[in-house]
Amino acid sequence: PNDLILSTTKDQLIILTGPNMSGKSTYIRQVGIITLLAQIGSFVPATSATIGLVDRIFTRVGLQDDLSLGQSTFMVEMAETAYIIRNATKNSLVLLDEIGRGTSTYDGLAIARSVIEYIHNDPRLGCKTLFATHYHELITLGEQLPHARNWRMDVEEKRNRVTFLRHVVDGGAERSYGIHVSKMAGIPIPVTRRADDMLEQLENQGP
């Protein structure tokens with residue numbers, strides 16, 4: 001069970017950070033499904049809920065390409081994002097998952113940041129938005145934008161082992177834990193050790 005507070009004021013846009021496999025996508029899908037259930041007058045699986053009317057639920061979740069149209073996964077991602085920011089209104093619920101992941105790190109980070117700023121600042125929008133991302137660099141926006149907030153999927157780290165707690169808490173994640181997830185997936189130890197070394201070098205170099 002995880003709480004959610006979304007409004008059109010200070011909690012309008014939630015930047016949800018945390019590592020892959022921690023439950024970000026599951027959480028935002030849960031929000032979409034519960035909102036849809038409420039709109040049709042159905043039972044809502046929550047201890048209590050106050051859910052206003054929404055005109056549409058927009059989602060940009062998952063990876064897919066469209067080979068018949070010659071569109072890569074990144075092109076599909078960008079086309080879906082473009083459709084959302086052109087058609088959403090103040091009364092919409094927008095669920096965005098990992099915007100910008102299909103290109104280089106700096107390209108993707110720049111796109112993700114600009115999409116967040118546009119949704120937050122454009123007077124036509126201001127819609128309730130959940131923005132899940134593994135770009136922990138984006139947590140600065142949760143401190144700079146008046147209607148944005150940082151939430152994260154809680155993680156417990158002991159003796160270099162990571163446990164995903166599946167719990168949404170206040171604040172932003174400071175790490176992505178990608179190498180930890182690769183270890184869980186069975187990537188050989190020499191590869192992950194080398195990745196740890198290279199990550200340390202890159203972090204020391206800075207941007």
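Where does Asn2 lie relative to strand 1 (13-17)? Asn2 belongs to the segment before that strand, with strands (E, at least two residues) and helices (H or I, at least four residues) being DSSP runs numbered from the N terminus. Before going on, a word on what you're looking at: this is a predicted model, where local features need pLDDT of at least 70, side-chain atom pairs count only at pLDDT 80 or more, and totals for chains, interfaces and linings use all residues. Residues are numbered from 1 along each chain as its sequence is written, and side-chain values use heavy atoms, with hydrogens and water left out.

Back to Asn2. Leaving aside neighbours within four places in sequence, Asn2 is in contact (heavy atoms within 4.5 Å) with Tyr27, Gln30, Arg166, His167 and Val168. Two of these partners also show up in polar contacts: pairs of N or O atoms within 3.5 Å, where within protein one must be able to donate a hydrogen and the other to accept it, and residues adjacent in sequence count only if both atoms are side-chain atoms. The Asn2 side chain gets to the backbone oxygen of Arg166 at 3.1 Å, and a polar atom of that side chain sits 2.8 Å from the backbone nitrogen of Val168.

Now move to strand 2 (residues 57-60), where the side chains alternate. Strand 2 pairs with strand 3 (residues 93-97) in the parallel sense, over four bridges; pairing takes at least two DSSP bridges between the strands.

Helix 3 brings us to Ser114. Ser114 is partly exposed, with a relative accessible area of 38%; that class falls between buried and exposed, the latter being over 50%. The side chain of Ser114 reaches the backbone oxygen of Ile111 at 2.9 Å. Asp107 is in helix 3 too, and is partly exposed at 44% relative accessible area.

Conventions: Buried < 20%, exposed > 50% of the residue type's maximum accessible area, 1.4 Å probe, protein only.
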